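Q: Hi, I'm new to this one. Could you walk me through it?

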Amino acid sequence: MEAVKDSIQQRLDKIKYNYLLFFHPEKIEIPLNISKEEKNKYIKQIYQDKANLHIKLGAKRFQKFVKKFDKAKFKFIKRYIKEERLLRWSDAIDDCKAKRKLKKSKSDQEKQKIIETLKRSKVLVRKQLKEERTISYFSGVDKRIELFPAYLERNKRIHKKCLKRNGIILGASISLGIFGVPIVPWILGGYQVIAGFKNFQCMNAQDYYLAIMNKRKSVIVKKNLTKMQETYNQNKELIKGISEGKAEGKDLYTKDGILDSINTVEGLQQLKARLIAAKQQQEEIIEKMITPSENQNMSNDGIIVKNRGK
């Protein structure tokens, strides 16, 4: 009898643990009186278990769909919508959002931040089109890797709202079908099932990425700090000039604005080196798009990436 009770209790504990892993991993209790190192290992194991749970629910299989969908999406945009038209729409939407925020802003500093965010948003839209990678699914589209979790969370919220809407429309369709309305409710309801599954898998994939990033948080932070330090050491004059230009209110999202900000030969040389490196990187990306079977793969932690030349 005791063995049966223990077995039932173990199953209940497993169900509770999986529930917390899926919805609230931060609420999982960590043993008291353990060392900092043991605590870090325990937290890493929690997020590894969370990642494994999302894998079982189809996160890695869905990545293949994301890659194919992204490729088809950008091909459709470039062939039918056209980049110029999409950029006009995107810029107009960004300008409208920025105007609303500027009206509510209360300081010059806040206004400047809104304008900087607007300009960077426009740059990132163009970068996604050029690299044919969506910022919310591919790490590295935005060089500020530390912002990738924020993109994942934002996209997850969008899919969560869509999933709720799918449920409401599906319920209404079933009700209409029960009351005898022919055909349409079943077509509409069937679509909601497919759309709901897609939205769920998008959320599942994003939760998987977030779990992996939480597990590797300390490594990612250390790697980013090292890279930032190396970049600074290699581009001191360039960074100094850009910082001064920004303080003077120059538009650093234009070629003239950047060139006006650099007043030393060393700074111009560093800018040239950065431009050459960026061009080389872009050529490598294009080459990998031409031969994806040889050059694309999954990173060890499951986040979709493209191999980069050394």
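A: Happy to! Helices (H or I, at least four residues) and strands (E, at least two) are DSSP runs, numbered from the N terminus. This is a predicted model, where local features need pLDDT of at least 70 and side-chain atom pairs count only at pLDDT 80 or more, while totals for chains, interfaces and linings use all residues. Residues are numbered from 1 along each chain as its sequence is written, and side-chain values use heavy atoms, with hydrogens and water left out.

Q: Thanks! How many helices and strands does the chain have?

A: There are 12 helices and 2 strands. Along the sequence the pattern reads α-α-α-α-α-α-α-α-α-α-α-α-β-β.

Q: And what percentage of the residues is buried?

A: Buried residues are 31% of the 310 in the chain. Here buried means under 20% relative accessible area, exposed means over 50%, and partly exposed is in between (1.4 Å probe, protein chains only).

Q: Which residues form the positive patch?

A: The positive surface patch consists of Lys97, Arg100, Lys101, Lys104, Arg154, Arg157, Lys160, Lys161 and Lys164. Helices α4 (83–104) and α6 (148–178) are the elements that give two or more residues to this patch. The largest share, 5 residues, comes from α6.

Q: How do you decide what goes in a patch?

A: Patches are made of residues with over 30% relative accessible area and no salt bridge, with like charges joined within 9 Å and nonpolar side chains (Val, Leu, Ile, Met, Phe, Trp, Tyr) joined within 5 Å. Lys and Arg count as positive and Asp and Glu as negative, while His and the chain ends are not counted. The place of a charge is NZ of Lys, CZ of Arg, CG of Asp or CD of Glu.

Q: Where is lysine 97, then?

A: Lysine 97 is in helix α4, and it is partly exposed because its relative accessibility is 43%.

Q: Which residues form the nonpolar patch?

A: Val4, Ile8, Leu12 and Ile15 do, and together they have about 380 Å² of accessible area. Isoleucine 8 sits in helix α1 (residues 2–23) and, at 48% relative accessibility, is partly exposed.

Q: New topic: how many salt bridges are there?

A: The structure holds 11 salt bridges. A salt bridge is a side-chain nitrogen of Lys or Arg within 4 Å of a carboxyl oxygen of Asp or Glu.

Q: Is glutamate 132 buried, exposed or partly exposed, and what is its relative accessible area?

A: Glutamate 132 is partly exposed, with a relative accessible area of 26%. Its phi is positive, about 55°, although it is not a glycine.

Q: Where else is there a positive phi in a residue other than glycine?

A: Asparagine 33 has one, with phi near 55°. Asparagine 33 lies in the loop between α1 and α2 (36–56) and counts as exposed at 85% relative accessibility.

Q: Back to salt bridges: what does aspartate 95 meet?

A: Aspartate 95 meets lysine 122, at 2.8 Å from N to O. Aspartate 95 is in helix α4 and lysine 122 in helix α5, so the pair ties together parts that are 27 residues apart in sequence.

Q: And lysine 127 with glutamate 131?

A: Their side chains form a salt bridge of 3.9 Å, N to O. Lysine 127 and glutamate 131 are separated by about one helical turn, because they are 4 residues apart in helix α5. Both lysine 127 and glutamate 131 are buried.

Q: Last one: which residues does threonine 134 touch?

A: Leaving out residues up to four places away in sequence, threonine 134 touches Asp70, Lys73, Phe74, Gln128 and Val141. Threonine 134 is in the loop between α5 (108–131) and α6, and it counts as buried at 11% relative accessibility.

Technical notes. Accessible areas come from the Shrake-Rupley method with a 1.4 Å probe; for residues, only the protein chains shown count as cover. Contact means heavy atoms within 4.5 Å.
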